[in-house]
Amino acid sequence: MSTTAGIERAETGKRTKQKRRRRRWFSWTVAVLLAVWAAVRVGGWEQGSFPTQLMTVTPWGAGLAALTAVVALLRRNRWAALVAALACVTMTAGVAPRAFPAEQPPASGPALRVLAVNLFGRGDARTVVDFVRRNDVEVFSALELTHAEAAQLDAAGLKQLMPYRVLQPEIDVTGSGIYSKHPLTELPGLFTPIGHNMPAASVTLPGGAKVEVVAVHPNPPLGRKEAEWNAALRALPSPSPSVVRVLAGDFNASLDHRAFRDLLGRGYVDAAEQAGEGLTPTWPNFRPIPPIISIDHIVADPRVAVRRVDFLDVPRTDHRGIFAELRLP
């Protein structure tokens, strides 16, 4: 009996060691993958569709790295815990500043209230128009704008609120448009759009100030479209010292994408980041899971002060709208 018990204890000990070994290897594997993720994010080395999409959830990756560090530490795998903790710190350093408002330039010009919504071809027109009316929106960048959706917006009252428009609607979701409370002049040669329709227009504000607005909507970086997405962001017009420019729409990009940071690096600021709202997710909305990534943006000239940023839930579209109250130089 004692021999049998000894054998059983030995087998149990062996299985326990094997289980611990598997757990240690699992902790190491997750910690190393998180460290690679953090390094790619910091270096801007994402290439290909999957790494590019992965960068979008980097704020969640920071939380996963923290959890991995705690679990590894509880399992006494200190080195794996250290690697995961370093990955957490690295990711957090990149995303945490978005939760805090930035210092604004001393802009003293007129206000400009801008709204951007990806309508998904069927967004609730009344919700959008009610928001425009309540917030005295002056420029509305409408993405995935169909002919039917444009008609519904006007029927809901947008025609009276925003009689000026440069529209490029389609029968599918490739359409876009710019609506304005003030006179518009289309700018067909400002840049060469890649992806969906991306109209550009100059808005003449009361008093004569002018602002150039672009409705932005590149294709998402899925599969072979990743290269096209990069090219689309590179093709967007750069800031100009002679004019104030605002880019508003669904960029299919987040602040954790090198391509989007390169766009900002040309001399733009992200309104949500400036207002301390850069971690507010905008997609996917009205689905079983809540929004988890921030891909809808209002990007402005750095001389513009961002006074307020808000988000709009629009039934029947999978994007949240983004609103920014700007103060021009």
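Colleague: Hi! What kind of model is this, and how are residues numbered?
Modeller: This is a predicted model, where local features need pLDDT of at least 70 and side-chain atom pairs count only at pLDDT 80 or more, while totals for chains, interfaces and linings use all residues. Residues are numbered from 1 along each chain as its sequence is written, and side-chain values use heavy atoms, with hydrogens and water left out.

Colleague: Thanks! How many helices and strands does the protein chain have?
Modeller: The protein chain has nine helices and 12 strands. Both are DSSP runs numbered from the N terminus: helices are H or I with at least four residues, strands are E with at least two.

Colleague: And what does the C-alpha trace span?
Modeller: Along its principal axes, the C-alpha trace spans about 95 × 40 × 35 Å.

Colleague: What share of the residues count as buried?
Modeller: Of the 329 residues of the protein chain, 50% count as buried. Buried means under 20% relative accessible area, exposed means over 50%, and partly exposed lies in between (1.4 Å probe, protein chains only).

Colleague: Let's talk sheets. Which strands form the open sheet, and in what order?
Modeller: Six strands form that open sheet, in the order β3-β4-β2-β1-β12-β11, with mixed pairing. Two strands pair if DSSP finds at least two bridges between them.

Colleague: Which strands stand at the edges?
Modeller: Those are β3 (164-168) and β11 (305-313). Each has a single partner strand, so one side of each is left without a neighbour in the sheet.

Colleague: How are neighbouring strands turned against each other?
Modeller: By 10° on average, direction ignored. Axes are lines fitted to C-alpha atoms, for helices over the stretch in contact, and angles run from 0 to 180 degrees between N-to-C directions.

Colleague: Which helix packs on the sheet?
Modeller: Helix α6 (residues 147-161) does, touching β2 (139-143), β3 and β4 (176-180). The direction of α6 makes about 10° with that of β4.

Colleague: How do β1 and β12 run, parallel or antiparallel?
Modeller: Strands β1 (residues 111-118) and β12 (residues 320-327) run antiparallel and are joined by six bridges. Leu112 stands opposite Leu326 in β12.

Colleague: Changing topic: how many residues of β10 are buried?
Modeller: Strand β10 (residues 296-300) has five of its five residues buried. Asp296, Ile298 and Ala300 lie on one side, His297 and Val299 on the other.

Colleague: What does β10 pair with?
Modeller: Five bridges join β10 to β8 (residues 244-250) in the antiparallel sense, and Leu247 stands opposite Val299. Strand β9 (residues 269-270) also pairs with β10 in the antiparallel sense, over two bridges.

Colleague: What does Ile298 touch?
Modeller: Not counting residues up to four places away in sequence, Ile298 touches several residues, including Val114, Leu247, Val269 and Phe323. Contact here means heavy atoms within 4.5 Å.

Colleague: How many residues are in the largest nonpolar core?
Modeller: The largest nonpolar core has 29 residues, and those with the most contacts inside it are Leu112, Val211, Ile298, Val309 and Leu326. A nonpolar core is a set of buried Ala, Val, Leu, Ile, Met, Phe, Trp, Tyr and Cys residues joined through side-chain atoms within 4.5 Å. A second, separate core of 21 residues includes Leu115, Phe131, Val132 and Ala142.

Colleague: How many aromatic pairs are there?
Modeller: The count comes to three aromatic pairs. Rings of Phe, Tyr and Trp (its six-membered ring) pair if their centres lie within 6.5 Å; planes under 30 degrees apart count as stacked, over 60 as edge-to-face and the rest as tilted. Phe131 and Phe323 are edge-to-face, at 5.4 Å centre to centre and 80° between the planes.

Colleague: Where do Phe131 and Phe323 sit?
Modeller: Phe131 is in helix α5 (residues 125-135) and Phe323 in strand β12, 192 residues apart. Phe131 is buried at 4% relative accessible area, and Phe323 is buried at 0%.

Colleague: Why does the pair of Phe140 and Tyr179 count as stacked?
Modeller: Their ring centres are 5.6 Å apart and their planes are at 20°, so the pair is stacked.

Colleague: Last one: at what angle do α7 and α8 pack?
Modeller: Helix α7 (residues 225-235) and helix α8 (residues 258-265) pack at about 10°, with axes 9 Å apart. They are therefore roughly parallel to each other, as angles under 35 degrees count as roughly parallel, over 145 as roughly antiparallel, 65 to 115 as roughly perpendicular and the rest as oblique.
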